[in-house]
Amino acid sequence: PPGPRPPTTTTRTTCGYCGVGCTLEVLTRGEETVAVLPARDGPVNRGHACVKSRFAHAFRTSPERLTRPLLRRDGRLEPVGWDEALDHAARGLRAAVAAGGPEAVAAISSARATNEENYLIQKFMRTVIGTNSVDNCSRLCHSPSAAGLSAAFGLSGGTDSFDDVERADCLLVAGANPVEAHPVIGARLLQRVLRGARLVVADPRAVGLAGHADVHLRPRPGTNVALFHGLARVLLTEGLTDEEFLRERVTGLPELAELLEDYPPKRVEAITGVPAVDLVAAARLYGRAKQPAIVYGLGVTEHLHGTDGVRALANLAILRGAVGTGRGYGVNPLRGQNNVQGASDMGALPDLLPGYQKVTDPATRERAARVWGCEAAEIPARPGLRIPDMFAAARAGDLRALWIIGEDVCATDPDATRVAQALEACPLVICHELFLSETARRADVVLPAASWLEKDGTFVNFDRRFQRVRPALAPPGQARSDFAIVHALAAALGADLGCATPAAALAECARLAPLFAGVSHERLDREGALCWPVPDPDGPGEARLYTERFATADGRAHLAACPYLPPGEEPDEDYPLVLVTGRRWAHYNSGNMTRRTGNLRLEAVDRLDLHPADAARYGLRDGDPVTVESRHGRARLTVRICGETAPGQVFCAFHFPASGVNTLTSGHADTVTSCPEYKVTAVRLLCDRGA
Ligand code: SF4
């Protein structure tokens, strides 16, 4: 048989899966994707890519792809034309505002959408509806990073360019499994270790990098803050701190030193289960390194005290003088979704306008009004609802219209049964989607959306890097980009949002947000990528932050004296195991894209990782079906017996909504940001051979 026909077009774009931001070359012929290849000169991936971008693109032509708008009639979703769908949505929004005021409408924007789309959505909510109730799914993953890093250093992003890892001589990787969740970064970290860097892994599971670690700290889930305080105390008591840096550029040392009196290694061992000897060894490795680096993930943030976890981790870099000095790769979060950073950068947040400007600040609203051509009084001053509050308001009957842009909240949000109840209680749910997801099934208006391979715009990756996204292919059927849909819905309401193209939207955002003042499509096309802040149209971005002063009000880094507090749930007699959820290498979040590709052959179901000792206790074998039950719900999974989880702990992903994993997870959430506590749920197993 003839081989594949050669491509005719190569499009350079940015991966739409995880937040690493790999630069890709999409080879197409007509409407056919011939191959997706890593760009050799990609600034982050340097010629590498993973199993998701390379092979998980067949979803684009899946027969299940939505190609026409759908409208619910008599309880069923039926295909209709765009005009009818938009008219129905517009009438529903008007009715919601008429009945409950602007606060009766909310929008969940998407970390998978482009910056320009997120910018437009927040502008729509603030100027057309008149509410700040717009949020994005970073609420559910890295909102504690935003809160913790900005409190410690002043800005809501990682402190350095990942290139600085190349100089690191000790890596502390905390609560992250980059080998599976961010494979290109996992490979670069491993390369660094193989070239001689020491490695400390802090994670309850024996994740991919742990096998290469000098010290693997395995805290009980939910005890990070105590663990990091234990490390900080060793740095202090053994003189492994940067005295000059602490004196010149830091506040909060006396308070932290006093708090750390309560965290001697033996007490930390009692709380976390980490042997004191390992704690001390890890602290000495980090503390004696010339160029220490911290990389962390959702294992730090998705906790009842996730923001405290970020602050306690930041304490280590501050004590060591490893941030803002060029002596180390400070504190850097690995972002889960392709544009988690950008969605928040663009102001799809209930309290912040683009560029992290407080909506409560009159001067900020004045600036926005000048750029948007409206009166400052028209921009609401009161912060809007966060995602969990939107669901609560819908259940209470206070939210009458919810607009969900590309998020499968019924599959990915915690306590999913109550999320579904919220959608059922809300009179109007509008959903943009690629497929009839668990959420779209419950919507009243479903609008077919373009995928990342079909869009024009930009993403911001995990190290604050603006990169171009270019359409390699046209959306199928009548599907449109989220950008076009937002404009069309505004027009259906008689409003004109301006900025007709993605380039114009980013240019407008640049006028509004000083952090991004020098960013433009034209510049990105010419120069390739820019790390924010980019305050000047001609100046470079700042890959490494805080070299002269921190962006806090006093210009100093702030240590945090936050005491360890226990998680929302702990195992007991009824629910004796702790469930941790996360990701597998072949799939991405709800799996709506990757399940419709050949990657299904690599991972066909959600599996429950179980330690051999627990498997023996329950009489379970590899591949057995098992029911997992928490206080909130029930999931059906397939047992995978492995040594990665510690005894008493189980792990699973949430890539297959049919398994119902997020009916298990609780409503406990970070006390500062409302980020759910996905990493600690008390569960029990129900099985035929049950113990
Ligand atoms: Fe895409 Fe992330 Fe894989 Fe890079 S590592 S190719 S950004 S999924």
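How many C-beta neighbours does A504 have inside 10 Å, and is A504 buried or partly exposed? In this predicted model, A504 has 13 C-beta neighbours inside 10 Å and therefore counts as partly exposed, since a buried residue would need 20 or more. A504 belongs to helix α20, which runs over residues 502–512. Its C-alpha atom is separated by 8.7 Å from that of S520, a residue 16 places away along the chain.

The domain assignment divides the chain into domain 1 (9–61), domain 2 (70–135 + 356–521), domain 3 (143–333) and domain 4 (577–686). Between the C-alpha centres of domain 2 and domain 4 the distance is 30 Å. Their contact draws on 14 residues from domain 2 and 16 residues from domain 4. On the side of domain 2 that touches domain 4, at least two residues come from each of α17 (409–412) and α18 (416–425). This side of domain 2 is made up of six nonpolar, three polar and five charged residues.

The ligand is surrounded by 14 residues, of which the closest are C15, Y17, C18, C22 and C50. Helices α1 (51–55) and α6 (183–194) each contribute at least two residues to the shell around the ligand. Sorted by class, this shell has nine nonpolar residues, four polar residues and one charged residue. Because both domain 1 (9–61) and domain 3 (143–333) give residues to the shell, the ligand lies between these two domains.

Helix α9 (residues 253–260) has the buried residues L256, L259 and L260. These residues cover an arc of only 95° around the axis, and they are therefore on the same side of α9. An α-helix has 3.6 residues a turn, so residues three or four places apart point the same way. The exposed residues P254 and E258 are carried on the face of α9 that is turned away from its buried side. Among the elements that cover the buried residues of α9 are α7 (224–237) and α13 (306–320).

Helix α7 is itself largely enclosed by the rest of the structure, because twelve of its 14 residues are buried. The buried residues of α7 are N224, V225, A226, L227, F228, H229, G230, L231, A232, R233, V234 and L235. At 1.5 Å a residue, the 14 residues of α7 should span 20 Å, and this agrees with the 20 Å between its end C-alpha atoms. Just after α7, G239 takes a positive phi of about 70°.

Strand β20 (residues 465–469) contains R468. With 19 other C-beta atoms within 10 Å, R468 is partly exposed, because the count for a buried residue is 20 or more. When neighbours within four places in sequence are left aside, the contacts of R468 are T13, T14, T458, H521, L524 and D525. R468 and P383, which are 85 residues apart in sequence, are 31 Å apart in space, C-alpha to C-alpha.

Technical notes: Residues numbered from 1 in each chain as written. Predicted model: local features only at pLDDT ≥ 70, side-chain atom pairs only at ≥ 80, totals over all residues. Domains from an automatic or database assignment. Contact = placed C-beta atoms within 7 Å. Helix = DSSP H or I, 4+ residues; strand = E, 2+ residues; numbered from the N terminus. Nonpolar A, V, L, I, M, F, W, Y, C, P; charged D, E, K, R; others polar. Arc of directions from axis to C-beta. Expected span 1.5 Å × (residues − 1). Near = placed C-beta within 6 Å.
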